[in-house]
Amino acid sequence: MTDTSLTAGLPTRYERPSALAFLGYALGVVIILWSFAGAGFSIDKVISSPPRFADFLDRAFPPNVEPKVLARLGWKMLETLQIALAGAVIGIILSVPVALLAARGLIAPTWINQIVRTGLGFIRAVPDIAWALVFVVAVGLGPFAGMLAIAIDTIGFCGRFFADDMEAADKGPSESLTATGARKLDVVACATIPAAMPAFISTSLFATEKAVRSSTILGLVGAGGIGIELKVGFDLFDYPTAMTVILMIAVVVISIEYLSGWARTKIIGEQR
Amino acid sequence: MCVRCTQTLASLSSTTSSVTNFDIETLVAPARPDRTGADISAPVLPVDLRVTGLAKSFAGTPIFKDVSFGLSRGEAVAIVGANGTGKSTLLRCLMGLIPADAGSIDVLGTDVRGASNAALRAMRAQMGLVSQKHNLVPRLSVLSNVVQGLLGQKPGLRHWSQAFAPAPSREAALAALEKVGLAHLASRRADRLSGGQSQRVAIARALVGQPKILIADEPTASLDPAAGEDVMDLFFALARQEGVTVIFISHNIDHALQYGDRVLGLAQGGMPLDARAAGLSAEELRGLYD
Ligand SMILES: Nc1ncnc2c1ncn2[C@@H]1O[C@H](COP(=O)(O)OP(=O)(O)OP(=O)(O)O)[C@@H](O)[C@H]1O
Ligand SMILES: [Mg+2]
């Protein structure tokens, strides 16, 4: 037996879109098609590309595994990882105070939150490779410019997400500590940050993965790391070496992702 | 269970030896002449808290208005009322945790609505709050959580964790845990406790600073009956022996009548009930929920 008076109150399973929503969808489709046109999408090129790609593969394989080259690339890869790690760590550490200022309702008034968030948005809007160019100009060619680029890129990412994590953290403990008469800074240190810590760790691991990925191409603009080898390989049509570089990057990036996934479950997976 | 509460009381009753073997009846005797010798019906005691014409609404929805009452030092007061009548909201207003819309609140000589942040902190440092949810900081040890209860009186890094805390603070924290019978869990992580244990740690955190006013929002809701009685006995003893003003919210009518000197009732957007517990019957209180 169903109570009809109750059933009548049920919402319909699917909402019929309003005329305005329908217009919105149509506009969306038009924009997407227009974008394909703008990107020079050409069926001809799609059809003609596999043979050219096969030609590249043919010339790139087998990859260059000369011990001398492998050793050189290995050292470059190590430098890449050092750039990534150093930049990520500096960025993550600096992100904490920045995020404190960016988080709404924490320690800073709203207008400061707005300014800091806008600044972080700007940092994210500039691509990492552009930051690398800027720092190459500022501090000269080499890994230090790359590290600075990674650090600033990490601040743009972690500053924003740390702030979101703290805003989303359970407010209960901070209210209870506020009720003891504690100062705002003490409340943040004792309640807000510990409550957001698992999210911080997760965000930091993502930032590190991202840093490793970025660091592999910074060399393209002379900011250190293995990217320079890729550029030289292509410039000199030394495709086997370029292929070795690509494979090395793939292996390292995938390993880092596994490692960070493992660390994530290890550190925060056991938490209730 | 009762061995513990007896010990607790023994430690508290340096002045009154008769309390070690107390039973509720003698303490709840209507006249209660034992307090500071004075009869409360003639309020000669200093007033700790006075609320006049308090109103609060959330986003245009009025929760209560024109709430007025005063509390004398050492008084134990129960606040009762149906779910959503604004009991927790009232307590938050009292501590200045959320702004009230109208009226005046005076707590320990501080004008809560007009006070500076520093004055509010100084006032809160003399109060203890046990929230409806225990609100412990997870991942920190039980002892650290209790040490943090001293942050109002001793701000700064040293009270962020039991590890940096000065010896007297760590000892005070352990003593507070002892009062709620959980000293043996001091090094346990706070998120590895049962609900009732968490609530008792939260009580220890509220007590560690030796508050003049203790505010407890359903302190016994997650406690088993025996532990609930212990906690209420403890609050009651604090009011009696140490002159702590105790305000507690309870959905337990028997607790309200047994442990409260006075009962305040919220209903229909106001406070229609403010009466001495001794003259109230359980029936009258139930009427408040209709
Ligand atoms: N921050 C808030 N924003 C909006 N509405 C709120 C907020 N806090 C509480 N309320 C509303 O105010 C009313 C009173 O809430 P309050 O928590 O004070 O009730 P209560 O008397 O403590 O109830 P209970 O017995 O269930 O604990 C409720 O209707 C609640 O939904
Ligand atoms: Mg409540």
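**Entry 1: around ligand 1**

I started with ligand 1 and found 13 residues around it, with G84(B), K87(B), S88(B), T89(B) and Q132(B) coming nearest; a residue is taken as near if one of its heavy atoms lies within 4 Å. This is a predicted model, where local features need pLDDT of at least 70, side-chain atom pairs count only at pLDDT 80 or more, and totals for chains, interfaces and linings use all residues. For my own bookkeeping, residues are numbered from 1 along each chain as its sequence is written, chains are lettered from A and ligands numbered from 1 in the order in which they are written, and side-chain values use heavy atoms, with hydrogens and water left out.

Next I looked at oxygen atoms of the ligand. I noted an oxygen atom of ligand 1 at 2.9 Å from an N or O atom in the side chain of N83(B). I also found a polar backbone atom of G84(B) 2.9 Å from an oxygen atom of ligand 1, and a polar side-chain atom of H251(B) 2.9 Å from an oxygen atom of ligand 1. On its own, ligand 1 exposes 630 Å², and the protein buries 59% of that (accessible areas by the Shrake-Rupley method with a 1.4 Å probe).

Which helix gives the largest share of the shell around ligand 1? I found that helix 3 (residues 87-94) of chain B does, with 3 residues; helices are DSSP runs of H or I, at least four residues long, numbered from the N terminus. By class, I counted 3 nonpolar, 8 polar and 2 charged residues in this shell, with Gly put among the polar ones.

**Entry 2: where chain A touches chain B**

I moved on to the interface, where 23 residues of chain A are in contact with 28 residues of chain B (heavy atoms within 4.5 Å). The two chains bury about 2,100 Å² between them, 53% of it on carbon and sulfur atoms; this is the accessible area (1.4 Å probe) lost on being put together, summed over both parts.

How many salt bridges run between chain A and chain B? I get 2, counting a side-chain nitrogen of Lys or Arg within 4 Å of a carboxyl oxygen of Asp or Glu. R92(B) and E175(A) form a salt bridge at 2.5 Å, N to O. On chain A's side, helix 8 (172-179) and helix 9 (184-215) each supply at least two of the touching residues. Helix 9 gives the most, with 8 residues.

**Entry 3: salt bridges overall**

Searching the whole structure, I find 18 salt bridges over all chains. I looked up K210(A) and D153(A), whose side chains meet at 3.1 Å, N to O. K210(A) sits in helix 9 of chain A and D153(A) in helix 7 (residues 143-168) of chain A, so the pair ties together parts that are 57 residues apart in sequence.

Terms used. Polar contact = N/O pair within 3.5 Å; in protein donor to acceptor, adjacent residues only side chain to side chain.
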